[in-house]
Amino acid sequence: MSRNSVCSNTKCAYPDTGYCYANADPVSSCIYLNANTTEKKKEKKLISGKSYNSFWSGEFFNPSDILQVSQRSTPYIIGVVGAAKAGKTSYLGMLYTLMLNGRFLADFSFAGSYTLTAWERIAYALKFHNGHVTFPEATPANPDFYSIYHFSLKDGASSLKDVLIADASGEVFSDWAINRNNENTATARWINDNSDAFIFFIDCEALIEKRAESKESILDIAQQLKQDLGDRPVALVWSKADRIAEVRENLKQSLEEELTQIFPLNSKKFEISNFSLTDPDAKCHENNLDAFNWMLSALQNKLGSLIKLDLQYVPGDALFNYTAKRND
C-alpha cells in the first residue's frame, strides 16, 4: 500500500511514517485509508432518541480536545521535552505499563483516561514480540501533529485531578532550540507556552556515541526552555541510564553542572531505564514512577485546585454515581 494513500484519520501519520494508528494488519484493510475525508462521522443514538457525535475515541488529544476535561477542572499540563530518540515516548509507555501492572503512584490512584487507545499503543510497543523488544514509533515531526495523553487521578480523599502529558517530536525541539519562531515548531511552542511543568530528557546513549555534539544539543534545548520558564518545575531525566556508567565522567559532570546553572530552582535529577538489570531494578521499576510522583507533588503544592468527589452508591447499579464539586 502506497504512503500516498489518503487517510481520513487526522491523527494518523501514515503518509509520513508508514505507521498505521488504527493498527490495521494489513494496512490496506484500514477503514480510514482512502476513505472520503469529507464523510461525516456516524452519529450514535442516546436512549432518549437524541443524536450526538461521540467526543471520546481513546486516541491522544489535540489542543482543541482539552475542553473535554477542562470543563470540570483546570488540568495539569506536563510537557515532555528532549532531542530525537531520547526516549520520551518510550518513557510514557513504561509509565503506563508500570501502573497497569500494579505499581502505584505515591499519592494518587488511576481513575480513568480519555486516551486509553493511545496509551495502550505505546505500551504494546514495549512488549516482547517474537523474543525481541520493540519501541514506539517516533513521534512525527509534522508541525501540526500533537500527541497529548490524559490521566484522571484520584487521591486518598477522593479528590480528582486531570493530568495531560504533551509529547512532540525531538526534531521539532531541536529546531525550536535554534529558532523558537520557526514555522515548523508550533508544537514545541505550544508545549513551552502551556505546560505547568516539564520532564526534560538527557539521552545517555547519545552522550556515549556523540559526546560533545549531543551535549551541545541538550544544552541548546535547555537554554531555550529556560527563557520564560519562571518557577515551573523541571524533572531532569537521564534516560537509558542502564548505560550511564559508559558516559565519560568529565562530560557527565560538566553537563550536570551546566544544567544546574540553567535550572537552579525547582528541578530534580532522575536516572531511568526501560531495561531492568536486576529484579526489581530501581532505575526501571522505581525511578520512572518517582519522576512522575515528584512532578505531581510539585504541581499540587504550586497549583492545588482538586475536585472533591462525593460518591453515592445506587442499589442495584454496578457503578457509582457521583457529583463533583470544588474542594474548597
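The chain exposes about 17,200 Å², and carbon and sulfur atoms supply 49% of that area, where accessible areas come from the Shrake-Rupley method with a 1.4 Å probe and, for residues, only the protein chains shown count as cover. This is a predicted model, in which local features need pLDDT of at least 70 and side-chain atom pairs count only at pLDDT 80 or more, while totals for chains, interfaces and linings use all residues. Residues are numbered from 1 along each chain as its sequence is written, and side-chain values use heavy atoms, with hydrogens and water left out.

The pLDDT is the predictor's confidence in each residue, from 0 to 100; its mean over the chain is 78, and 68% of the residues reach 70 or more. Over residues 35–54 the pLDDT is below 50, and this stretch has 19 contacts in the model beyond near neighbours in sequence, a contact being heavy atoms within 4.5 Å. The pLDDT is also below 50 over residues 316–328, a stretch with 28 contacts beyond near neighbours in sequence. Where pLDDT is low, the predicted coordinates should not be read in detail.

Turning to the chain as a whole, there are 10 helices and 13 strands, where helices (H or I, at least four residues) and strands (E, at least two) are DSSP runs numbered from the N terminus. Among contacts between residues at least 6 apart in sequence, 71% join residues at least 24 apart. Of the 328 residues in the chain, 47% are buried; buried means under 20% relative accessible area, exposed means over 50%, and partly exposed lies in between (1.4 Å probe, protein chains only).

In soluble globular proteins, nonpolar side chains tend to be buried together. A nonpolar core is a set of buried Ala, Val, Leu, Ile, Met, Phe, Trp, Tyr and Cys residues joined through side-chain atoms within 4.5 Å. The largest such core here has 41 residues, and those with the most contacts inside it are Phe200, Ile202 and Phe263. Helix α8 (residues 212–226) gives the largest share of this core, 5 residues. A second, separate core has 39 residues, among them Val80, Met99, Leu105 and Val163. Returning to Phe263, and leaving aside its neighbours within four places in sequence, this residue is in contact with Ala222, Leu225, Lys226, Leu229, Val234 and Leu236.

How do the helices pack? For α8 and α9 the angle is about 10°, with the axes 10 Å apart; axes are lines fitted to C-alpha atoms, for helices over the stretch in contact, and angles run from 0 to 180 degrees between N-to-C directions. Angles under 35 degrees count as roughly parallel, over 145 as roughly antiparallel, 65 to 115 as roughly perpendicular and the rest as oblique, so α8 and α9 are roughly parallel to each other. On the α8 side the contact is made by Lys215, Ile218, Leu219, Ala222, Gln223 and Lys226, and on the α9 side by residues including Leu251, Ser254, Leu255 and Glu258. Helix α9 (residues 249–262) also holds Lys252, which counts as buried because its relative accessibility is 13%. Not counting residues up to four places away in sequence, Lys252 touches Trp238, Ile244, Val247 and Lys269.

Helix α3 (residues 88–100) and helix α4 (residues 116–124) pack at an angle of about 100°, with their axes 8 Å apart, and are therefore roughly perpendicular to each other. Among the residues that make this contact are Thr89, Leu92 and Gly93 of α3 and Leu116, Trp119 and Ala123 of α4. Ala123 is buried, with a relative accessible area of 4%, and, leaving aside its neighbours within four places in sequence, Ala123 is in contact with Gly93, Tyr96 and Thr97. Ala123 and Thr89 are 34 residues apart in sequence and 9.5 Å apart in space, C-alpha to C-alpha.

The loop between β3 (76–81) and α3 contains Gly87, which, apart from its neighbours within four places in sequence, is in contact with Phe201 and Lys240. Lys85 is found in the loop between β3 and α3 as well, and this residue is exposed, with a relative accessible area of 73%. Most residues other than glycine have a negative phi. Lys85, however, has a positive phi of about 65° although it is not a glycine. Asn266, also not a glycine, has a positive phi of about 55°; Asn266 lies in the loop between α9 and β11 (267–271) and is partly exposed, with a relative accessible area of 34%.
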